[in-house]
Amino acid sequence: MSGAFIVPAKQVQPGTQLVCDGGFTCLADGQQVTVQASRGGSLYVPCDCGQHDLEGQLDMAGENYIGFMLAGDA
Ligand SMILES: [Zn+2]
């Protein structure tokens, strides 16, 4: 439906399934990943480099993660 790789941060929590776009060196284009919470409570997805911190994918407003879509929307 959306087609855009952008997900409102408030819709993402541990266990959320996300699909990656092709902009990652450590994740395959279209790869599906499950959001995890670190011990400190920050969110990440497992990737080839270990843990990919979702905070680094936030847009300027801090409201959306760029480079992912919800698996249900893919
Ligand atoms: Zn990574």
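Reader: How many helices and strands does the chain have?

Author: The chain has zero helices and eight strands; both are DSSP runs numbered from the N terminus, with helices being H or I of at least four residues and strands E of at least two. This is a predicted model, where local features need pLDDT of at least 70, side-chain atom pairs count only at pLDDT 80 or more, and totals for chains, interfaces and linings use all residues. Residues are numbered from 1 along each chain as its sequence is written.

Reader: And how compact is the chain?

Author: Its radius of gyration is 11 Å, close to the 11 Å that the globule rule gives for 74 residues, so the chain is as compact as a globular protein of that length. That radius is taken over C-alpha atoms, and the rule is 2.2 Å times the number of residues to the power 0.38. Along its principal axes, the C-alpha trace spans about 35 × 25 × 20 Å.

Reader: Nice. Which strands form the open sheet?

Author: Three strands do, in the order β3-β2-β8, with antiparallel pairing. Two strands pair if DSSP finds at least two bridges between them. β3 (32–34) and β8 (68–70) are at the edges with a single partner strand each, so one side of each has no neighbour in the sheet.

Reader: How many bridges link β2 and β8?

Author: Three bridges, with β2 covering residues 17–20. V19 stands opposite M69 in β8.

Reader: Switching to the hairpins: how many residues sit between β4 and β5?

Author: Five residues lie between them in that hairpin, and G41 in the turn has a positive phi of about 100°. Strands β4 (residues 36–37) and β5 (residues 43–47) are antiparallel over two bridges, and A37 has L43 as its bridge partner in β5.

Reader: What about β5 and β6, how many bridges there?

Author: Four bridges join β5 to β6, again running antiparallel. This hairpin goes through two residues, and the bridge partner of Y44 in β6 is D53.

Reader: One last spot. Is G62 buried or exposed?

Author: G62 is exposed, with 8 other C-beta atoms within 10 Å. The cut-offs on that count are 20 or more for buried, 12 or fewer for exposed and partly exposed in between, with C-beta atoms placed from the backbone. G62 is in the loop between β6 (50–53) and β7 (64–66).

Reader: How far apart are G62 and P8?

Author: They are 54 residues apart in sequence and 9.3 Å apart in space, C-alpha to C-alpha.
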